[in-house]
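The sequence and the model are shown below.

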Amino acid sequence: ASITDISGSSEYATDYIVTLHDISERKWAEKQELKLRKKLERAERMESLGILAGGVAHDLNNMLGPMVAYPEMILMELPEDSPIRSKVIRIENAAIAATNVVQDLLTLARRGRYEMVPTDINQVIKEYLELPSFIKLAEARTDIKVTVKLDKSIDTIMGSTPHLSKVFMNLIVNAFDAMPDGGELTIETSQQYVEKLPGGYTNVVPQEYVQVRFRDTGMGIAEKDIHRIFEPYYSNKEMGRSSGSGLGLSVVYGVVKDHHGYYDILSTVGKGTEFILFFPVSKEIKRNESRTEGTAGGTETVLVVDDVREQREIGAELLTSLGYNVVTVSNGTEAVEYLKTHQVDIIVLDMIMEKGFDGLDTYREIIKLHPGQKAIIVSGFSETDRVKEMQQLGAGQYVKKPYTREEIGIAIRRELNKVTA
């Protein structure tokens, strides 16, 4: 009876409804705040891991320099029937494999070097599926059916084929691992205008996107794991290995972000998982350009500028073996001093050197002394905007450390062969 009396009062009823409304709004706000806090924590964690990965990768690249460069030179001098050739080749292959892991670290740190050009996603997928590595994987897992549905009408995107190929490789390997008892993997491309992702995420730049879907019928991902799978070396026995380096899905995260794209994950435990990638459409037309490199060697004078002694020695030995006359200095200040009284045909300039006077600072001072001075940029990683600024000033192409004799030779020859105004 007392309840009936109170509810019969419009004043009490209004207060009761308003109070419930206030509590509901407060709970909703608290829930949203918790969601945002968790997202911020994940973003900060990935950023911290990226900074760590970038520093480690830079140091490893310098250490791997001799391991990548010297086997090539040793093999040139060894007879074909030498019993140690196979051992040297194993060292060379191991060093190359190690540099691939370092590149994964750089991708995670978002400090890799991307050559963005109009790219056909369908073609990248086709080329990966024709690689020996995928064919070997498919032959070893005949219990998995791969279905490919490529929309021929999709536009190009601005992309880096090597990085995109690595993304597709990691997602395919991840899907295979998620189906230990067999199943089906469907790879599909399409294009549509997107304002929000299927999972509900709405902070998307509304525009046309090329979508790439990787849908498996595997074990699925538990909800508690789904927000952590992009962290380096995060693993769960129910989720598979992702990739041999433990950086597979972290690489996916870094490359998609660097392509100004988005990703979404739809998964049900026991039924399967779908990874959906979204890449902004580009209206630029892909150009098929043929290039002739010419010979890699020469007799010109090359100035090698690097603050790591081992890197200077490697550069000098490789270029001397190609016939060049080589001079080395240990930093940008020494390079500028040397060029006040000397001239060289080209400079091999490290990007990351002494604090406050890196490759860009050095090149700015050099072109004051010798306008139009030819140079190429080398580095384990570099800030893209500073590399581009250096190239706008006249420097040539970027060569990734550790480099081989052929890579550095072709880059130098190409730059020397350019006709400048």
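A residue is called buried when its relative accessible area is under 20%, exposed when that area is over 50%, and partly exposed in between, with a 1.4 Å probe and protein chains only. The model is predicted, and local features need a pLDDT of at least 70, side-chain atom pairs count only at pLDDT 80 or more, and totals for chains, interfaces and linings use all residues. Residues are numbered from 1 along each chain as its sequence is written, and side-chain values use heavy atoms, with hydrogens and water left out.

**Overall composition**

The protein contains 13 helices and twelve strands. Of the 421 residues in the protein, 47% are buried. Among contacts (heavy atoms within 4.5 Å) with a separation of 6 or more, 73% are between residues 24 or more positions apart.

**Helix 4 and helix 6**

Two packed helices are described by the angle between their axes and the distance between the axes. Here the axes are lines fitted to C-alpha atoms, for helices over the stretch in contact, and angles run from 0 to 180 degrees between N-to-C directions. Helix 4 (residues 121-129) packs against helix 6 (residues 161-177) at an angle of about 60 degrees, and their axes are 10 Å apart. The two helices are therefore oblique to each other, given that angles under 35 degrees count as roughly parallel, over 145 as roughly antiparallel, 65 to 115 as roughly perpendicular and the rest as oblique. Their crossing is right-handed, a term that applies if the near helix is turned clockwise from the far one by less than a right angle, anticlockwise being left-handed.

On the helix 4 side, the contact involves Ile121, Val124, Ile125, Glu127, Tyr128 and Leu129; on the helix 6 side, it involves Thr161, Leu164, Ser165, Phe168, Met169 and Ile172. By class, nine of the residues in this contact are nonpolar, two are polar and one is charged. In this scheme Ala, Val, Leu, Ile, Met, Phe, Trp, Tyr, Cys and Pro are nonpolar, Asp, Glu, Lys and Arg are charged, and the others, Gly among them, are polar.

Val124 of helix 4 has a relative accessible area of 2% and is therefore buried. Apart from neighbours within four places in sequence, Val124 contacts Thr119, Thr161, Leu164, Ser165 and Phe168. Its C-alpha atom is 8.6 Å from that of Pro162, a residue 38 positions away along the chain.

**Helix 9 and helix 13**

Helix 9 packs with helix 13 (residues 405-417) at an angle of about 70 degrees, the axes being 10 Å apart. This angle makes helix 9 roughly perpendicular to helix 13. The crossing of helix 9 and helix 13 is right-handed. Leu318, Leu319 and Ser321 of helix 9 meet Arg405, Ile408 and Ile412 of helix 13, a contact with four nonpolar residues, one polar and one charged.

Gly315 also belongs to helix 9, and this glycine is buried at 2% relative accessibility. The C-alpha atoms of Gly315 and Val348 are 8.6 Å apart in space, although the two residues are 33 apart in sequence.

**Salt bridges**

A salt bridge is counted where a side-chain nitrogen of Lys or Arg lies within 4 Å of a carboxyl oxygen of Asp or Glu.

| Pair | Closest N to O distance |
|---|---|
| Glu313 and Arg309 | 3.0 Å |
| Asp361 and Arg364 | 3.4 Å |

Arg215 is partly exposed at 29% relative accessibility, whereas Glu274 is buried at 10%.

Glu313 and Arg309 both lie in helix 9 (residues 309-321), four residues apart, or about one turn of the helix. Glu313 is partly exposed at 36%, and Arg309 is partly exposed at 45%.

Asp361 and Arg364 are three residues apart in helix 11 (residues 359-369), so about one helical turn separates them. Asp361 is buried at 17% relative accessibility, while Arg364 is partly exposed at 32%. Through salt bridges that share partners, Asp358, Asp361, Arg364, Arg386 and Glu389 are joined into one network.
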